[in-house]
Structures are given as structure tokens and as C-alpha cells.
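Have your viewer open and your selection tool ready. We will go stop by stop, and each stop says what to pick next.

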Amino acid sequence: MMAGVKTMMAVAGMLAGAMVSTAAVAGVTSVAYDQPAPAGATLVDFNSNGTPGMTNLPTGFSLSGGQLVTGSANGYSTPLGDTTQYLLVNKSSATLKSNNAAGYDSVSLYWGSIDTFNTLNILDTASRVIKTITGTEIAFPGANNSFGDYNNPKYNQYVTYTLDSLTGARIGGLQFLSTDTAFELDNVAFFNKNPTAVPEPATLTLFGAGIGGLIAASRRRRKKTA
């Protein structure tokens, strides 16, 4: 009897694990060139508010560090096809934060002329680092000065990071770091697309029915052997 109970518990564990794993969606994806912001996203496009080097951020967002520029000069390069103002982080760091306590589970940005010395930190709502992504991970070897291949679509990528919904963390901002010239980016989109980690009622019903069937089968076996 104990062996039967242990078997049922093992099967139940596997079913529960399968349900939970299907609810978790996470990771980094990238596609060449810029893309439209996902529907319903809060977009930070860094566009000029009429004064070069200035912008109007969405309500609740703040930006510290970096420069807002257009075009290419002094070793930095505009993201491929970008004709608007963008954020430049040159041998320094910059942080883009939201004061939305609920946070987000996904973020996208257009990362231009990706260099190996660029680093992107995904921050939670308490400014702690959730995930670190380097330029090398997105585009190897990277459009460093010695390569001079800034306009190659390989080095101009629309990068998306989505949290694992089971972590309990929420995205609250981004930190951009570059140890050389430079980290260039635009069109940062914060949004939600992850399914909930809690099984839906229909899934719970199926799960309960499965466990009930296992228990009933065990009882029938005990009656036959009695």
C-alpha cells in the first residue's frame, strides 16, 4: 500500500511540475534591426521635446546619466536606420527607472552597433540586478572600433528580455554600462506578456480528476486483494 501511495505522489508531483513549467516563459531573444513596440507597451523613445539633448519621458520614468544625441560622431554611431534622438552611454553608465511598484515582466530595446564592452543590466523594482546581458552574448564579436562594421544588421538588434514568471521578481528599470565608446540605444519598451504562474481553474479541475482517478484505482486494487 505504501508503494502505491508513493507512486501516486510521484505522479502527482510530475503533473504539478508539468503545469508549473508551462506557465514559465523566460529568456533573451533578439532580431536584426528595430521593431515596433509591442501592443500596450510603455515606450521610452528619447525623442527631442524641441530642445536638442532634451526629452519628455513617460510619466513615472526617470533617466540618470548618458547623453541624448542624433547622428554619428567622435567614435559613436547611430543605431542603423534611426533618424531620431537616442541615448548614448560613452565610457560611463546610465539608468532608466520606472516608479511603477507593480513593475513589468518584459522589456525590449533597440541596441545599436553592439560592442563587446557594452553591458545591459535588467533591474527589479528595488534597483537590484535581475539579469546581466553583454554585447558579446547578443552579437559576437561585436562592432568594436577595430571592426568598423557599425551598419551591419548583425550588430543592430532589437533585444527582448522576459522574466520567468515563477521568480516573483518584476522589472523596474535598466542600467546601461560601457567601458569604451559607446553604448547606443533607442526605443525601450516595458510591457507584460507572461502568463500567470497559477494554474487556471480548468487546469486544476483536470489535475484533481487525475489524482482522483489514481486514488480510485488504488482502492479497487485493495478490494480485489482483500
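Over residues 196-207, how many contacts beyond four places in sequence does the model have? Select that stretch: there are 11 such contacts (heavy atoms within 4.5 Å), and pLDDT, the predictor's confidence in each residue from 0 to 100, stays under 50 there. Residues 4-24 also stay under 50, with 19 contacts of this kind. Where pLDDT is low, the predicted coordinates should not be read in detail.

This is a predicted model, so local features need pLDDT of at least 70 and side-chain atom pairs count only at 80 or more, while totals for chains, interfaces and linings use all residues. Numbering starts from 1 along each chain as its sequence is written, and side-chain values use heavy atoms, leaving out hydrogens and water. The protein chain averages a pLDDT of 83.

Strands count as paired if DSSP finds at least two bridges between them.

Now zoom in on strand 8, residues 118-124, which pairs with strand 11 (171-178) over 7 bridges. Pick Asn121: opposite stand Gln175 in strand 11 and Thr132 in strand 9.

Finish at the hairpin of strands 8 and 9, with 4 residues between the strands, where Ser127 takes a positive phi near 70°.

Key. Helix = DSSP H or I, 4+ residues; strand = E, 2+ residues; numbered from the N terminus.
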